[in-house]
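Welcome, and have a look at the model below. This short briefing walks through its aromatic rings and a patch on its surface.

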Amino acid sequence: MTPPLIHLAEAQKSAPVTDWAARIGWVVGLLVFVVFVYWLMRQGWKWRGTLQGDLPELPTAPADAGEPKLRAGPSPATTPSGGGKPPLTMSGRYHGSTTAGQWLDRIVARGLGTRSRAELTLTDQGLDVVRPGAEDFFVPAAALRGARLDKGIAGKVLPEGGLLIVTWRHGDKEIDSGFRSDRAGEHPAWVAAIDRLSTTQQGTTEHSTTEHHTSTTEHTETEGAR
């Protein structure tokens, strides 16, 4: 039988002492690691911006941007006399831009790397992108190369078709810019409208180029005949 004094000694043993120094050391080490990773990300961002320093300044919307290409509202039969359908702008988010066809090659120069809220309006002049808290930009109609639905851009992945990707040319670079509307059901209409505008613009440009080439050739032949 165990002596009572031994039981009493075991009952009076103190609880394990918490090693606060070790815990504080771990917390400090973790914070230092997080700050270091954040610093590396910032340096990488700055380095990428430096490499993309040759990207020209972003265009701004003209004073007369024209009438919106997309409209919403009641059908013409129910529209009051003398009133048109109200303009439809896409309200949503801008998720970043990449080199066209390379969804991980993020573009950060000229503020294109900053994710933000966005309001989009498409007119005959082009695509106006208004970004509260970030730099606005404008894509002239002649620079539009088309649009499509996708699911990822610049590290942002959404459900299939959750992103509206607009492809456009700026300087000597083709860019994919990703947007997501607050009402994703609007995306197909925007794809169709942007594709239609870009196709029209490219056809007009090609026609003008052909006319200019023909005119130059005829002028040269006329001069030669003289």
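This is a predicted model: local features need pLDDT of at least 70, side-chain atom pairs count only at pLDDT 80 or more; totals for chains, interfaces and linings use all residues.

Residues are numbered from 1 along each chain as its sequence is written, and side-chain values use heavy atoms, with hydrogens and water left out.

**Aromatic pairs**
- A search of the whole structure finds 3 aromatic pairs (rings of Phe, Tyr and Trp, the last by its six-membered ring, with centres within 6.5 Å; planes under 30 degrees apart are stacked, over 60 edge-to-face, the rest tilted).
- One of them is Y94 with F137, an edge-to-face pair at 6.0 Å centre to centre with 70° between the planes.
- This pair links distant parts of the chain, with Y94 in strand β1 (residues 90-99) and F137 in strand β5 (residues 137-140), 43 residues apart (strands are DSSP runs of E, at least two residues; helices are runs of H or I, at least four).
- Y94 and F137 are both buried (under 20% relative accessible area; exposed is over 50%, partly exposed in between, with a 1.4 Å probe and protein chains only).
- F137 also pairs with W168: the centres are 5.7 Å apart and the planes at 15°, so this pair is stacked.
- W168 sits in strand β9 (residues 163-170), 31 residues from F137, and is buried as well.
- Ring pairs join Y94, F137, W168 and F179 into a cluster.

**Surface**
- W20 lies in helix α2 (residues 20-51) and counts as exposed at 54% relative accessibility.
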